[in-house]
Amino acid sequence: MSVRFRLLLLIASTIILLPAVVVLALGMPAFGAHPLPYGDAINRDAPGQRHISNMVSAVNFDYRGFDTMGEEFMLVTAVTGAVMLLRGTRGESPGAEPEEVPGRSVQPAGEAIVLICRLMLPVSLLFGIYVVLHATATPGGGFQGGVIIASAVLLLYLGDGYRVWRSIVRSRLLHLCEGGAAAAFVLTGLVPMLLGHAFLENILPTGQFRDMLAGWLMQIENLAVAFAVAGGFAMLFLEFLEETRAPKGEE
Amino acid sequence: MTAAMLPPLPVALPMLIAAVLLTLAHVWPRRVPDTIAALTALAVTSIGLLLLLRAAGGPITYWFGQWEPRDGVVLGISFQVDQVGAAMVTLIGILFTGSFVFAWGFFDEVHAVFHVLMLMFMAALSGFCLTHDLFNMFVWFEVMSVAAFALTAYRLEASALEAGLNFTVTNSLASFFMLAGIALIYSIGGTLDFSALAGVVGRSGGNPVILASFCLLLAGLLIKAAMVPFQLWLADAHALAPSPVCVIFSGAMVTLGLYGASKLAWQVFGSDPVIRAGAQHVMLAMGVASTIVGGVMCVTQRHVKRLLAFSTISHTGIMLIGCSIFTAQGQAGTVLYMLGHGLVKGALFMTAGILLATCGGIDEIGLRGLGRQIRPAGIAMAGGGLLLAGAPVGLMQHGTTLIETAAAAAGRGWVAGVMILGGALTGGAVLRVTGRIFLGLGALPGEEDRSPTEAEQEASDRPLWLMLTPCASLLALSLAAPSSVETFALRAITPFIGAPAASLQSPPAASSHDYLPWLTVMLALLIAAYDLSRQHLPGMLIAAADASFRPLHALLEAWHSGLVGDYVAWIVFGLALVAGCITWLAIV
Amino acid sequence: MIDLLPWLVTAWLMAVGLYGIVTSRNYVHLIGCLTVVQSATYVLLLAIGYRWNAGPPIFYDHPPGTPAVDPVVQALVLTDIVVGATVSALLLALALQLHKKKGSLDPEALRPMR
Amino acid sequence: MTLLLAALFVLVAATGTGVVLSRDPVRQVMAIAAHGLGLTLLFLALQAPDVAFSELTVGTAAVPLLFLVVLASIRNDRKGQ
C-alpha cells in the first residue's frame, strides 16, 4: 500500500476522531481541581502508616509494590532480550583486544579528558548511591539512581578506553546484579508469606519518619531495583558499545 | 505452606526461577535449565488446578501487602481468583509444560535465555489472568509483550527480526492505548480496582471520558487479540517465531487479549448500558470479519505456520462473537472454546515444529509426500484439523454448542453460519496440508501457490517421541471433556460476569441442530478434497473457480503487506472505527 | 484555556507520533516517534494527578497534611519511564541486527517473508 | 503558575513535533534529548520531582546515548561493506 493510501486512512481516522477528542477534552474533569481520592488517601495515611516522607516511594515499594515487581521483571526481560539480540552470532567472549574499525580514526583520549573522567567517576557514582539511598525521604530512588550509577560506569569507557572498561565491567557480574536483584525482590514477597503474612507485606519495623533508612522492607526493594536498573543499563551500554567495534578477525 | 498462599504463586514462582536461572545458568550443566523450566511449568499447572478446586465456593480475593480496603478506599492491589481465571492459569501451565518438553534440547545456549524469557512470559500471562487491578493488568500486559517481542526474533534471521520489529511497534502502541485508557478512567474514578471502578461507572453513566477510556482499553486488548483490522501483525510474528513459542502465542497469548477485553467489559464497564450496547455491536462486527478474513487467508497459505496463524485469527473471531452476545451462556461457551482451542492449536503448532525438525522445511508444497516416515505426526495433524473444523467431540465443540445456543436465544442465530464457515475453512486447510504432506496427494497446487513462504529449519537432533508426546497429550486433554462440562462452565461463569448466583441459568437443552457439527466437518473435508484433487477435476471448473477467487486472495494478501506503516495506519483506523461506532450508538 | 491545554497536548503528541510512525522511512526514526507517543501517556497521567496550589507529595520540607498532588500517578509514570527506555533499547537492538543482515533500515524495503 | 504551565505544555508539544519532523536520524537524537528536557521541566512544574529526575536521567541522557551508539555502529557497518 502506498504512503498516499496510508495518509488517506489517517485523514479518515482524524475526521472521525477529531470531534471525539474535542468532546473528550471538554468533558474531562477540571485540570488541577478534581477529586483524587486514591492519592489523597495515600498522602493522608502513608506518613503515619509507613513513617516515610516520599509518598511516591511509598506507593512504589509498599502499597503497589507488586506493580513494581512486575516493572522490574519487565526491565530484566527487555534487557535480556536486547542482549540476546545484540550478542547474536558475535558470541559472548569479550574481545580482549580492542578491534579497530578500518577508516575510523582512533585517537587516544587527551589527558585532560582522562583526568576529568576519572574525577567525575567517583563523584557521579557517589551521587547515584546518594540518590538510591534517599528513596524514602526525598526525591530519588532505585530507578533514577540505578541509571546514574550505570552512566557513571560508562565514564570509564570515555576516559580510560575500551580495554580498561572491558576488564572492569564484566557481563557475568552484571548478570549477577540483575538476576540476583530480581530474585531478591521476589523473596521480599515470598519470605513474609512463608512467615504467615501476605505477599510483599512490610513486616520489618518501618523506622523513624524522615530518616534516610526509614521503611526497612521498602529499602530492600529499593536496593533490588537499584541493582537491577544499574546492572541492566550497564549491560545495555556494554553490548551496544561492543556493536561499534568490528568483530575480531573480519578484516 | 497453606492453601491461602496459593494466589501469588503462579506469578512469583516462575519469576523466582527465571531470576535464579539468569544468575546461575552458565555454571550448570546444559540440561538443568530444561528440567527446571518444565518442572516449574508443571508446578504452575498444579497450582492452577488447586485454585480451580478452591474457587468452587466463590472467588478468592488476595490482597498484596495486606492492604485491604480501609474506609471504602482501595489502597493496594488484589488478585481475584475465580474459576475462569484458574482454568486459564491451568491452560497456561499445561501449554508451557508441553512447550518446554517439546523444546527439550532445542535451545543450546549458555545462558538459558530462552528459558528465562519463557518463564517471565508464563508469569506475566498468569498475572494477567488473575489480577483485579487495572494498572496491574497493564503491567502484566507489558511484561508478556516484552517477553514475546524478544522470543519472536529469537532465530535472529532477517525475516524474524522484521516480524519482531512490526510486532513490537504495533503491540507497544496497544499498551500505550491501554495506559491512556487507564489514565482517563482514573481521572473520573480515582481508583484502579475493578470493583471500585465498576461502582464509578455505575454512578456516572454516559460520561464521555468513561466511554473514551473503554474504547482505548478495548482497542489495546483487541490489538493483542489480533482482531480485524488490528490483525496484521499476527501472521508475521506467528509464522516466524520458533515453533515452541508459537504454541504459547496462539494457544494462550492471543486469546488472553480477548479474555482481558471481556473481563473488563463485564467486570468494570458492565453496568453502563451504552457501553454494553456499543461493545455488542463492535465485537460482533469485528468477530464476524475476523472469522471470515482469517478463514479465507488460512485456506490460501502454503507456509504451514502462517496458515495456522490465520486459523488462530479465524477462531479468535469466533470467540469474539461468543463474547459479543453478552449473556452467561455465550461467555461460558467462549471460555470453553478458548480452553479447547488453546490445546488444539498448541498441538497443531507442535506438528508444524515436528515438520521443521524432521523434514527440514515448513512449506506445504515443497514437503509434499515427505511426511510418510512420520505418520503419527500426520495422525495428530489430521485429528487437530478435524477438531478445528468442529468435530462433535471435545472442549471446542462444547464451546461451539453454547455459543450457538446463546446466539439463537439472543435472536442472532445467523452467526452459526459464520462459525461453520470459519471452522470449515480452517479445518479444511489443515486437512489439505495433512493430505499433501503425509499422503502425497495434491500434485497440482491451487491458490496457495501464490502465497509467501520461506525456507526454515529447527534443531533436528531430537527424538520424535519426545516431540510427539506433548502434542498427543494436548489433543487428548482437549478431547477428555465430560458432557457435564457445559453445566460446570455455566456455574463457573457467574462470578466472572458479576451476576448474582440466583440468576444462574439451567443448562441449555441439547441443541436442536445436531447435524451442524457434521455439516462443518463435511464442508471441511470437501474443501480439502477439492484442493487435493485439482488435477483430476475438469480444467474449466478449476479455472472458473480460481478466476473468481483470485482477486479476493490478492486483495487480502496485499493487505497483509508486512509494512509497519500500513499496520499502524490500520490500527489508527480501527481505533477510529471502534470509537466512532460506540459514540454513534451513544448518541442515537 | 489551561483547562483544555493538557488534554489537547496529549492528543497532539499521540497524533503527531502516530503520523511519524506511519510515514517513517527509517526504523531508528520510527523508534524515536514511538517514544513521542509514549510521552503522551506520561503527560496525560501527570496532568490528571495535578492539583492547583499543591506541593510535591514529599513531606520532607513540608509537614504531612499540606496539600500535595497525587503520588499514585507519579509512581505509575516513574517506573514506566525507565522500563520504556529498555523497550526502546530492545527495538534499537532489533533494528541494529536487521541492518547487519539486510544493510537497510527502510521499512518499505524490509518485509518479512517477502 | 498558570502561564508557566501553559508555556511548558506548548513547549512539550513543540519538541515532540520536532522529534517527528527531524527526519535525519542524527538531528533527531538532539530533538529527542530536547523533548526529554522539555518533559523534565514540565514534570517539575507539575510537582513531580521524582518523575522529572527519572525523565532527566533516562530521556535526556541514556536513551539519546543509545540512539547515538546505534547510529555510530550503523555508520561503521556501512563503511565495512
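**Entry 1: chain C against chain A**

I began with the area buried between chain C and chain A, which is about 4,400 Å², carbon and sulfur atoms giving 72% of it. I take buried area as the accessible area (1.4 Å probe) that two parts lose on being put together, summed over both. I note that the model is predicted: local features need pLDDT of at least 70, and side-chain atom pairs count only at pLDDT 80 or more, whereas totals for chains, interfaces and linings use all residues. Residues are numbered from 1 along each chain as its sequence is written, chains are lettered from A and ligands numbered from 1 in the order in which they are written, and side-chain values use heavy atoms, with hydrogens and water left out.

I then looked up the contacts, meaning heavy atoms within 4.5 Å. Chain C places 46 residues in contact with 50 residues of chain A. I found 3 salt bridges between chain C and chain A, a salt bridge being a side-chain nitrogen of Lys or Arg within 4 Å of a carboxyl oxygen of Asp or Glu. A:Arg6 and C:Glu108 form a salt bridge through their side chains, at 2.9 Å from N to O. I also recorded 13 residue pairs in polar contact across the interface of chain C and chain A, both residues at pLDDT 80 or more. A polar contact is a pair of N or O atoms within 3.5 Å; within protein, one must be able to donate a hydrogen and the other to accept it, and residues adjacent in sequence count only if both atoms are side-chain atoms.

On the side of chain C that touches chain A, the elements giving two or more residues are α1 (5-23), α2 (27-49) and α3 (71-102) of chain C. I see that α3(C) gives the most, with 21 residues. Helices (H or I, at least four residues) and strands (E, at least two) are DSSP runs, numbered from the N terminus. I sorted the residues of this side of chain C into 34 nonpolar, 6 polar and 6 charged. Ala, Val, Leu, Ile, Met, Phe, Trp, Tyr, Cys and Pro count as nonpolar, Asp, Glu, Lys and Arg as charged, and the others, Gly among them, as polar.

**Entry 2: chain B against chain A**

I next read the area buried between chain B and chain A as about 5,500 Å², with 77% from carbon and sulfur atoms. The contact draws 68 residues from chain B and 62 residues from chain A.

I counted 2 salt bridges between chain B and chain A. A:Arg64 pairs with B:Asp133 in a salt bridge whose closest N and O atoms are 2.7 Å apart. The largest share, 10 residues, comes from α21(B). I list the residues of this side of chain B as 51 nonpolar, 13 polar and 4 charged.

**Entry 3: backbone of chain B**

I located a cis peptide bond between B:Val228 and B:Pro229, with omega about 5°. B:Pro229 lies in the loop between α8 and α9 (232-240) of chain B. I also noted that B:Leu156, although not a glycine, has a positive phi of about 60°; B:Leu156 sits in the loop between α5 and α6 of chain B.
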